Amino acid sequence: MNGTEGPDFYVPMLNTTGVVRSPYEYPQYYLMKPSAYSLAGAYMLMLFLVGLPVNILTVLVTLQHKKLRSPLNYIQANVAVATLFMVVGAFPTTIYSCMNGYFAIGRVGAVFEGFFCFIFIIVAIWSVALMAFERFVTVCKPLNNFRFGENFMTMGVGFTWMMGCAASMPPLLGVSRYVPEGMQIIGGLDYYTQQTNEPFFMYLFAFHIWFPVTIMVLCSICVLCSGKESETIQGRETTRLAVIMVNTFLVSVLPYAFTAWWLFTHRGGDYGPLFMTFPSLFAKSYCITNPIIYFTMNQQFRNCAITTLCCRKTAWEDDERASSVKTDGSASSVFPA
């Protein structure tokens with residue numbers, strides 16, 4: 001064991017000099033300089049200040065404009081709601097912990113931070129897998145002319161939250177636990193100690209991480225290699241946006257997943273506090289990259305957002321009323337022609 005284990009925490013540093021202290025009671029400046037904690041706090045504050053308004057806007061625009069009731073927009077709004085859970089429930093705790101150099105509000109801070117971040121990851125990963133599968137069904141047509149309607153997407157959204165609860169709730173009930181990780185200012189699952197519940201983690205990684213990631217990759221490959229195109233420009237643009245969103249998610253979250261898997265399979269290994277801190281902080285950046293990509297690449301959503309922000313109709317909306325555009329069945333006019 002190349003770290004120090006205590007009640008409900010694991011510090012990645014041997015206590016040979018006696019400097020290791022509980023991350024719930026003392027600043028952890030023996031792990032990193034105070035400036036590193038300040039930098040992490042500034043980064044988290046930036047994510048909070050940007051992520052909160054853009055995700056609230058995403059949800060409000062989708063609810064306000066009926067023309068956005070399409071599979072891709074349902075999924076995007078669902079990810080935005082999950083992101084708000086993390087931004088509101090976890091980021092203030094992380095920022096406060098960075099300011100103090102430890103979990104100043106105690107173990108409850110690590111538990112809440114870990115829970116809200118983890119349920120976001122699982123809901124997001126299943127949502128993106130659902131989006132990739134919807135594009136596969138629409139473009140490759142393995143089920144003939146089957147289309148994802150509003151009822152199917154509503155059930156799909158409910159399924160993602162059921163999966164999120166199935167993965168994030170057990171640690172609250174005594175199956176595994178949430179502990180501080182990395183620089184001891186971020187909450188996460190206990191991948192580190194012998195108290196780790198191995199069957200739970202095998203189920204978690206196999207069913208809630210590698211399985212949906214496999215769906216994303218295979219469906220994206222099938223869509224790109226099928227040689228088939230949607231009937232309209234809107235459908236092709238929807239497919240392109242979906243593939244970009246899948247790739248963005250994989251780039252953001254997979255480093256954290258691979259690091260967690262390595263820690264689980266090398267418990268007690270020799271690694272520093274930054275080994276888990278960097279992937280965890282980088283994964284949280286998805287809370288702003290996803291809505292920004294969606295806003296910049298989805299013309300219909302962008303115009304609806306401008307309408308909502310300006311509280312008035314745009315010239316684009318007047319043109320849309322005057323002309324009907326043939327759309328791809330599942331895209332439901334995600335992009336104007």
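Let's start at S280, which touches E181, I186 and Y256 once residues up to four places away in sequence are set aside; contact here means heavy atoms within 4.5 Å. This is a predicted model, where local features need pLDDT of at least 70, side-chain atom pairs count only at pLDDT 80 or more, and totals for chains, interfaces and linings use all residues. Residues are numbered from 1 along each chain as its sequence is written, and side-chain values use heavy atoms, with hydrogens and water left out.

S280 sits in helix α8; helices (H or I, at least four residues) and strands (E, at least two) are DSSP runs numbered from the N terminus. With a relative accessible area of 3%, S280 is buried, a word that stands for under 20%, with exposed over 50% and partly exposed in between (1.4 Å probe, protein chains only). S280 and G182 lie 98 residues apart in sequence, yet their C-alpha atoms are 8.7 Å apart in space.

The structure holds 3 cavities of 30 Å³ or more. On a 1 Å grid over the protein atoms alone, a cavity is a set of points where a 1.4 Å probe fits but cannot get out, and lining residues have an atom within 4 Å of a point. Grid points are joined across faces, edges and corners, and a volume is the space filled by probe spheres set on the points.

The largest cavity contains about 130 Å³ of space. Its lining has 16 residues, and C117, F118, I121, Y256 and K284 are the closest to its centre. At least two lining residues come from each of α4 (107-140), β3 (178-181), β4 (186-189) and α8 (274-284), with α4 giving the largest share, 5 residues. By class, this lining has 10 nonpolar, 4 polar and 2 charged residues; Ala, Val, Leu, Ile, Met, Phe, Trp, Tyr, Cys and Pro count as nonpolar, Asp, Glu, Lys and Arg as charged, and the others, Gly among them, as polar.

The second largest cavity has a volume of about 60 Å³. Among the residues lining this second cavity are F118, I121, Y191 and Y256. Its lining divides into 10 nonpolar, no polar and no charged residues, and α7 supplies the largest share, 4 residues.

Finally, Y191 and F249 touch the most other members of the largest nonpolar core, which has 97 residues. Such a core is a set of buried Ala, Val, Leu, Ile, Met, Phe, Trp, Tyr and Cys residues joined through side-chain atoms within 4.5 Å. Helix α4 gives the most to this core, with 23 residues. Beyond its neighbours within four places in sequence, F249 is in contact with residues including I121, I125 and Y286.

Note on methods: 1 Å grid on protein atoms, 1.4 Å probe; cavity = no way out; pocket = protein on both sides within 12 Å on 5 of 7 lines; lining within 4 Å.
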